[in-house]
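Me: I am new to this structure and should like to learn how to read its features. May we go through them one at a time?

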Amino acid sequence: MKKNTSKNTTKVAIIFLVLIVAVVAYFAYLSNKSREVEDEAAMTAVKLVLSRDLENNYPPTVKEVMKYYADIQKCLYSQECLDEEAEQLGMKARALFDDELLAANDVTNHLLALKSEITSFQEDSRQITAASVASSANVDTFTEDGYEFARIHCIYTVLDGGQSNLVDMVYLLRRDGNRRWKIYGWDLAQNVNPTD
């Protein structure tokens, strides 16, 4: 009878040990899966921005153009942008630029300057954490030299040395021959006189 009790105790101990190992392995699996989902979510923002087909799905309004451009900027300056992605994002940004802005910034020099600026942000541990585009009601539109123009504010939240700073930019957009709003230029809000 003692042999049976001893065998039963051994069997119970082995089963208990196997259950503990199974539970620990399951929680390790779930923990790893959770990390993979978080990594995938971090990558999703860049992939989402890159997936937009601007030929068939160009932003229809000034505000939508700027929201998409701000999304590109957040991806570029988020500390998680890879070189290959930076180039692709730079090309997406260029697709939003007016022909005159494109002519003044050839592709090679523009992408080199962009990569240099991203490297500088990363080395200084700076990143754009948020962007807020003014409402459509706050778009200043006017006509000059036969072109339709629009002026809009975009406020970026830049994390620099653990401190958040707001950077207010004013973007000037011009409607092209296809009735698409294209970015014509930008400057800090403090440098822009709205009566110009």
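Reply: The turns below treat helices first, then a strand pair, then salt bridges. Please note that this is a predicted model.

Me: Where does helix α5 run, and how many residues has it?

Reply: Helix α5 covers residues 107-123 and has 17 residues. From its first C-alpha to its last it reaches 24 Å, close to the 24 Å expected at 1.5 Å a residue.

Me: Which residues of α5 are buried?

Reply: An α-helix has 3.6 residues a turn, so residues three or four places apart point the same way. In this structure, the buried residues of α5 are His110, Leu111, Leu114, Ile118 and Phe121. They cover an arc of only 95 degrees around the axis, which puts them on the same side of α5.

Me: What covers the buried residues of α5, and which exposed residues does the face turned away from them carry?

Reply: The cover over the buried residues includes α2, α3, β1 and β3. On the face turned away from the buried side are the exposed residues Thr108, Leu112 and Glu123.

Me: Which residue caps the N-terminal end of α5, and what follows the helix?

Reply: The cap is Asp106, with a side-chain oxygen 3.2 Å from the backbone nitrogen of Thr108. After α5 comes Ser125, whose phi is positive, near 55 degrees.

Me: How should I read the length of helix α3?

Reply: The expected span is set beside the distance between the end C-alpha atoms. The 12 residues of α3 (residues 83-94) should span 16 Å at 1.5 Å a residue, and its end C-alpha atoms are 17 Å apart, which agrees. Buried residues of α3 include Glu85, Leu89 and Arg94.

Me: In which sense do β4 and strand β5 pair?

Reply: The general idea for strands is this. In a regular strand the side chains alternate between the two faces of the sheet. Here, β4 and β5 (residues 181-188) pair in the antiparallel sense over seven bridges. Arg175 has Trp181 as its bridge partner in β5. The two strands form a hairpin with five residues between them, and Arg179 in the turn has a positive phi of about 65 degrees.

Me: How many salt bridges does a search of the whole structure find?

Reply: The search finds nine. In one of them, the side chains of Arg175 and Glu148 meet at 3.4 Å, N to O. Arg175 lies in strand β4 (residues 163-175) and Glu148 in strand β3 (residues 147-160), so the pair ties together parts that are 27 residues apart in sequence.

Me: Are Arg175 and Glu148 buried or partly exposed?

Reply: Buried means under 20% relative accessible area. Arg175, at 18% relative accessibility, therefore counts as buried, whereas Glu148, at 30%, counts as partly exposed.

Me: What separates Lys74 and Asp71 along helix α2?

Reply: Lys74 and Asp71 are three residues apart in α2 (residues 62-76), and so are separated by about one helical turn. Their side chains meet in a salt bridge at 3.5 Å, N to O. Lys74 is partly exposed at 27% relative accessibility, and Asp71 is partly exposed at 31%.

Terms used
Residues are numbered from 1 along each chain as its sequence is written. This is a predicted model: local features need pLDDT of at least 70, side-chain atom pairs count only at pLDDT 80 or more; totals for chains, interfaces and linings use all residues. Side-chain values use heavy atoms; hydrogens and water are left out. A salt bridge is a side-chain nitrogen of Lys or Arg within 4 Å of a carboxyl oxygen of Asp or Glu. Helices (H or I, at least four residues) and strands (E, at least two) are DSSP runs, numbered from the N terminus. Buried means under 20% relative accessible area, exposed over 50%, partly exposed in between (1.4 Å probe, protein chains only). Two strands pair if DSSP finds at least two bridges between them. The expected span of a helix is 1.5 Å times one less than its number of residues. The arc is that of the directions from the helix axis to the C-beta atoms. Contact means heavy atoms within 4.5 Å. A polar contact is a pair of N or O atoms within 3.5 Å; within protein, one must be able to donate a hydrogen and the other to accept it, and residues adjacent in sequence count only if both atoms are side-chain atoms.
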